[in-house]
Amino acid sequence: MAEIVDNICASRDRKNVAGVYSVDLTAAFDLLRNEKLVEIMIEKSIPAYLIKIIHTYLEDRPGYVQINDARSYVRKIKAGCIQGSILGPLLFNIYTSGLCDIVKPCSVISFADDSYVISSAENEEILRPRMTLIIKDHFDWLNKIGMVCNKAKTELIVYGIPEIEIEVGGEKIRSKNEIKVLGVLLDNNLKWDSHVQRIISKCKSTLFSLKYHRKYLNIKEIASVAQSHIISRLTYTSPIWSFALNYNLRAKIRSVFFLVLIIIRRDFLFKLNRTKLVSYSGIENLDNILVKRASMFIFNLIYKLEPTEWAGRGVLIRSYQDDRHQGKMTFFDLSATKIGKKSLLDNLKVYIENWHFDWTSLSPLSFKQRLKEQYQDM
């Protein structure tokens, strides 16, 4: 998600227009062809013994359909990889790895069967035919490897220009104001209002259930439930959007957070102030949660140089430079579209300065523990 935002912001920083699209695959994991996968693995010089193991793993798997006590005949499954398995997403990524060659020079960000292609151009006159050709080539390639694409559900969003409509294979694709990217609503202004409103609405819908179950659980148990089902959702992907929120949106997130604490403590008469609610609930302060998540994100970015594409563009070096035109990081810098003034560089400096310990030699696990120790009393 952060890499998608990075690419869009980098394009807008260059005064270019950008387009992002994703295609909807029907039964993607079930259509993976075993023999085709073997060919691809051979092309990628994967060791023969691994190819043989994977081929045997996928070949002629038995399967049947059962409804109540009725069971169908056992048949051999000649295609597909096992969804929910550890190998499933990896094998699918290998199977579809050729997409990058098909849509050059676009950027491709993939997670299993969710792929997002980002194209940038100087103006709309160049972007429109380019994206039309790219999407057509994408559809043809998917058909070639045995995937079934639902063209009507292809999502397109553009930046820097009004909405556009392109036609591919007789199907008209109109750009939208917002699309969902791995559970995050991304709009065409790089604002986060819709996404925040959506997660707030979802969190509020679970508050009643939390309140109902409160009478059956002790404080520690209900706090664990709240942490897993509400607060984790409330702060999902927060390092990407939390710094770009206005005061009203921040206030709404805080309001939901303290509603959770009120239910945990059953303080429906509002006898406790917010400091005591945090202290008595056993849940960490919301600000600390956001800071820790952002710190871990930055630490992984610098220490582990992830994603590798960012590392290749010199993120570690650029992160300490002051002049934007000399390589300042841009994947939180929304100044090009005049949305928010804080950039990741500003936050990066603040967080690193606040790490009152030597973090350069720490592992991610040790770093997380040191963060916990540092912020536990805040």
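Cores, aromatic rings and a nonpolar patch

Q: What is the size of the largest nonpolar core, and which residues have the most contacts inside it?
A: In this predicted model, the largest nonpolar core has 50 residues, and those with the most contacts inside it are Leu186, Trp192 and Phe257. Helix α10 (residues 247–265) gives this core its largest share, 10 residues, where helices are DSSP runs of H or I of at least four residues, strands are E runs of at least two, and both are numbered from the N terminus. Apart from this core lies another of 44 residues, including Leu25, Met147, Ile164 and Ile173. Each set is called a nonpolar core because such a core consists of buried Ala, Val, Leu, Ile, Met, Phe, Trp, Tyr and Cys residues joined through side-chain atoms within 4.5 Å.

Q: How are residues numbered, and what limits apply to the values?
A: Residues are numbered from 1 along each chain as its sequence is written, and side-chain values use heavy atoms, with hydrogens and water left out. Because the model is predicted, local features need pLDDT of at least 70 and side-chain atom pairs count only at pLDDT 80 or more, while totals for chains, interfaces and linings use all residues.

Q: Which residues does Phe257 touch?
A: Not counting residues up to four places away in sequence, Phe257 touches Ile231, Leu234, Val278, Ile283, Glu284, Asn285, Leu286 and Ile289, a contact being heavy atoms within 4.5 Å.

Q: Why is the pair of Trp355 and Phe367 called edge-to-face?
A: The ring centres of Trp355 and Phe367 are 4.9 Å apart and their planes stand at 80°. Rings of Phe, Tyr and Trp (its six-membered ring) pair if their centres lie within 6.5 Å, and planes under 30 degrees apart count as stacked, over 60 as edge-to-face and the rest as tilted, so the pair of Trp355 and Phe367 is edge-to-face. Trp355 lies in the loop between α15 (344–354) and α16 (364–375) and Phe367 in helix α16, so this pair ties together parts that are 12 residues apart in sequence.

Q: How do Phe357 and Phe367 pair?
A: Their rings are 5.8 Å apart centre to centre with 65° between the planes, which makes the pair edge-to-face. Trp355, Phe357 and Phe367 form one aromatic cluster.

Q: Why is Glu39 called partly exposed?
A: Glu39, in helix α2 (residues 34–43), has a relative accessibility of 43%, so it counts as partly exposed. Glu39 and Ile51 are 12 residues apart in sequence and 9.5 Å apart in space, C-alpha to C-alpha.

Note on methods. Buried means under 20% relative accessible area, exposed over 50%, partly exposed in between (1.4 Å probe, protein chains only).
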